[in-house]
Amino acid sequence: MQKKVINPWVWQNERSYSQAIEVSQAVSTLYISGQTAINDKGISSAAEMAVQLEEAMYNLGKVIEEAGYQCKNIVRLNVYTTSVDEFMQSFSVFQAWVARHNIQQATTLIEVKSLFESLKIELEATAVK
């Protein structure tokens, strides 16, 4: 798989995403359902945004690894949140995770009225290899 990052500007680099990702010679593509802060027993978290974000990123990584992929090969990551303001207060948590896994992805941040039960954040991704 070859991955080409397209960034006509530099400002998006501070926000931990890319304007576009071109993938060529991919072997396979993994489309991942939205991952949230739900534990192994199926119980939704009622914790604050930063904690839920950590749990959602952990669950996303777990699904990706179970499928035989790597987080660094995420090419698309949609973030659904019940509060963009709360998410931005926890943005450093997101940025650290992206940097730790060397992810370069196209991202869309979307505020929604509500998510399942007490959830505040949902991460939907596409990974390639």
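This report looks at a pair of packed helices and then at a few single residues in a predicted model.

## How H1 and H3 pack

Let's start with two helices: H1, which covers residues 49–66, and H3, which covers residues 91–100. Two packed helices are described by the angle between their axes and the distance between the axes. Here the angle is about 25°, and the axes are 9 Å apart. Angles under 35 degrees count as roughly parallel, and H1 and H3 are therefore roughly parallel to each other. Their crossing is right-handed.

Which residues do the touching? From H1 come Ala 50, Leu 53, Glu 54, Met 57 and Leu 60, and they meet Val 93, Phe 94 and Trp 97 of H3. Sort the residues of this contact by type and you get seven nonpolar, no polar and one charged.

## The two sides of H3

Now stay with H3 and ask which of its residues are buried. They are Phe 91, Val 93, Phe 94, Trp 97 and Val 98. These residues cover an arc of only 160° around the axis, so they sit on the same side of H3. There's a handy bit of background here: an α-helix has 3.6 residues a turn, so residues three or four places apart point the same way.

What covers that buried side? The cover includes H1, strand E4 (74–81) and helix H2 (84–89). On the other side of H3 you'll find Ser 92, Ala 99 and Arg 100, which are exposed.

## Positive phi angles

Next, keep an eye on the backbone. Just after H3, Asn 102 has a positive phi of about 55°. Gln 25 also takes a positive phi, about 55°, although it is not a glycine. You can find Gln 25 in the loop between E2 and E3. Is Gln 25 buried or exposed? Its relative accessible area is 59%, so Gln 25 is exposed.

Glu 117 is another non-glycine residue with a positive phi, this time near 50°. With a relative accessibility of 56%, Glu 117 counts as exposed.

## Thr 29 and Val 128

Some residues meet partners from elsewhere in the chain. Take Thr 29, which belongs to strand E3 (residues 29–35). Thr 29 and Ala 127 are 98 residues apart along the chain, but their C-alpha atoms are separated by 5.9 Å. Leaving out residues up to four places away in sequence, Thr 29 touches Tyr 69, Thr 126, Ala 127 and Val 128. Thr 29 is partly exposed, with a relative accessible area of 36%.

Val 128 sits in strand E6, and at 4% relative accessibility it counts as buried. Again leaving out residues up to four places away, Val 128 touches Met 1, Val 23, Ser 28, Thr 29, Tyr 69, Asn 73 and Val 75. One of these, Val 23, is 105 residues from Val 128 in sequence, while the two are 8.1 Å apart in space, C-alpha to C-alpha.

## A buried loop residue

Finally, where is Ser 18? It lies in the loop between strand E1 (2–6) and strand E2 (20–24). Ser 18 counts as buried, at 5% relative accessibility. Not counting residues up to four places away in sequence, Ser 18 touches Val 5, Asn 7, Gln 12, Gln 104, Gln 105, Ala 106 and Thr 107.

Note on methods
Residues numbered from 1 in each chain as written. Predicted model: local features only at pLDDT ≥ 70, side-chain atom pairs only at ≥ 80, totals over all residues. Heavy atoms only, no water. Axes fitted to C-alpha atoms, helices over the stretch in contact; angles between N-to-C directions. Helix = DSSP H or I, 4+ residues; strand = E, 2+ residues; numbered from the N terminus. Parallel < 35°, antiparallel > 145°, perpendicular 65-115°, else oblique. Left-handed = near helix turned anticlockwise from the far one by under 90°. Contact = heavy atoms within 4.5 Å. Nonpolar A, V, L, I, M, F, W, Y, C, P; charged D, E, K, R; others polar. Buried < 20%, exposed > 50% of the residue type's maximum accessible area, 1.4 Å probe, protein only. Arc of directions from axis to C-beta.
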